[in-house]
Amino acid sequence: MIRVLIADDSAFMRKVLSDLFSSRPDFQVVGTAINGQDAVQKVAALKPDVLTLDINMPVMNGLEALKIIMENTPLPVVMLSSLTKSGTEETIKALELGAVEFVNKPDGSISKINDIADEIVEKCHAAIRANMRSVTRDISYKNSLNEHEPLHLSLFNHRDKLVVIGTSTGGPKALQSVITKLPASLPCGVLVVQHMPAGFTKSLANRLDELSAIHVKEAEQGEEIKPGWVYIAPGNYHMRVLNSLKGKVISLGQDPPIGNHRPSVNALFESVAPFGRSIVAVIMTGMGCDGSIGMKKISDAHGYVIAEDKSTCVVYGMPKAVVDMGIADEVLPVNRIADAIVEAVKRIY
């Protein structure tokens with residue numbers, strides 16, 4: 001039985017969510033909280049298995065409550081987020097603070113909430129499988145921009161080099177650990193697929209850009225991939241790489257989801273597999289096995305494969321699939337992946 005605490009300032013939402021969880025045989029609602037301060041107190045008193053947490057609440061908002069909870073009584077947290085500009089930015093901050101998952105919070109009727117009922121339940125199930133030691137591990141970013149010496153590499157062949165990264169649950173925090181440590185002088189582009197709905201990937205890109213020496217942006221259709229830039233696939237779009245007269249360019253498409261994912265890690269990885277030895281591919285925390293098929297093709301083409309170690313994964317699913325196939329050249333904790341990327345890129349001639 002999964003014991004859930006619901007924190008929301010809306011009596012309507014508390015009732016709807018309570019009814020939702022109570023209708024499921026594997027959930028028990030142990031309480032509700034009307035604001036962040038109430039949530040902090042009830043987490044400590046009731047010790048639930050999972051918390052659903054609204055962001056915008058009086059007295060103490062969800063971000064303030066989340067910070068206190070993760071410092072004192074950490075547990076899996078699923079955020080309820082709004083698809084406004086401020087809402088997406090706050091969601092990214094919540095994921096940085098340790099929230100495991102988030103759900104777009106609809107406005108209005110019960111019918112709209114019923115449309116996302118399965119998603120709420122699925123993400124709470126995923127959250128309780130999270131490695132909370134990894135979620136709450138204190139990773140310092142203060143010196144990340146100066147950890148690498150400048151790369152004294154010729155840029156004449158940068159078009160032949162590419163780094164690709166795939167991640168899902170726990171990914172925003174893992175990406176912060178990796179992307180913020182990449183040097184601005186990295187002589188190739190980096191492409192990232194993070195499972196995330198439309199509206200949130202731009203905020204994620206902007207946040208990483210603020211923290212990083214390397215440039216970070218949400219990818220756009222047809223743009224040339226440049227060295228020293230990170231491109232994040234927009235939510236609801238597959239991202240692939242194509243060769244053109246001006247070099248490698250980004251192709252975005254809304255063809256059907258692959259394995260229930262759009263963007264799909266496999267779509268990106270399979271598109272770069274023909275580039276063979278010039279590819280450094282990274283798979284990080286996430287549920288399921290998205291990316292494993294594409295990673296096998298990259299490995300078969302003699303690309304370099306890096307998988308995140310179980311010890312730092314929030315959910316050890318996607319990297320496990322790659323490790324279990326025996327194709328990972330390196331299996332590393334998240335705080336060592338940036339160094340490994342830099343070294344692997346150096347070896348590409």
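In helix α2 (residues 36-46), the buried residues include G36, D38, A39, V40 and V43. This is a predicted model. The cover over the buried residues of α2 includes β1, β2, β3 and α3. At the helix start, a side-chain oxygen of N35 comes to within 3.1 Å of the backbone nitrogen of Q37. Just after α2, K47 adopts a positive phi of about 50°.

**The parallel sheet**

Five strands form an open sheet with parallel pairing, in the order β2-β1-β3-β4-β5. β2 (27-33) and β5 (101-104) are the edge strands, and each pairs on one side only. On average, neighbouring strands of this sheet are turned by 20° against each other, direction ignored. Strands of a sheet pair through backbone hydrogen bonds, either parallel or antiparallel. Here, β1 (residues 2-7) and β3 (residues 50-54) pair in the parallel sense over four bridges. T52 in β3 is the bridge partner of I6.

The table gives their angles.

| Helix | Lies across | Angle |
|---|---|---|
| α1 (residues 11-22) | β1, β2, β3 and β4 (77-81) | about 165° to β2 |
| α3 (residues 62-72) | β3 and β4 | about 155° to β3 |

**Nonpolar cores**

In soluble globular proteins, nonpolar side chains tend to be buried together. The largest nonpolar core in this model holds 85 residues. L51, L53, M79, I165, I179, M284 and I341 touch the most other members. Helix α13 (residues 337-346) supplies the largest share of this core, seven residues. Another core lies apart from it, with 28 residues, among them L162, V272, V305 and I327.

What does L51 contact, leaving aside its neighbours within four places in sequence? L51 is in contact with L5, A7, V43, I69, L75, P76, V77 and V78. One of these, V43, is among the buried residues of α2.

**The chain as a whole**

The protein chain has 13 helices and 14 strands. Of its 349 residues, 55% count as buried. Along the principal axes, the C-alpha atoms fill a box of roughly 60 × 40 × 35 Å. A compact globule with 349 residues would have a radius of gyration near 20 Å, so the 20 Å of the protein chain agrees. Contacts also span the sequence: among those between residues at least 6 apart, 73% join residues at least 24 apart.

Notes
Residues are numbered from 1 along each chain as its sequence is written. This is a predicted model: local features need pLDDT of at least 70, side-chain atom pairs count only at pLDDT 80 or more; totals for chains, interfaces and linings use all residues. Side-chain values use heavy atoms; hydrogens and water are left out. Two strands pair if DSSP finds at least two bridges between them. Helices (H or I, at least four residues) and strands (E, at least two) are DSSP runs, numbered from the N terminus. Axes are lines fitted to C-alpha atoms, for helices over the stretch in contact, and angles run from 0 to 180 degrees between N-to-C directions. Contact means heavy atoms within 4.5 Å. Buried means under 20% relative accessible area, exposed over 50%, partly exposed in between (1.4 Å probe, protein chains only). A polar contact is a pair of N or O atoms within 3.5 Å; within protein, one must be able to donate a hydrogen and the other to accept it, and residues adjacent in sequence count only if both atoms are side-chain atoms. A nonpolar core is a set of buried Ala, Val, Leu, Ile, Met, Phe, Trp, Tyr and Cys residues joined through side-chain atoms within 4.5 Å. The radius of gyration is taken over C-alpha atoms; the globule rule is 2.2 Å times the number of residues to the power 0.38.
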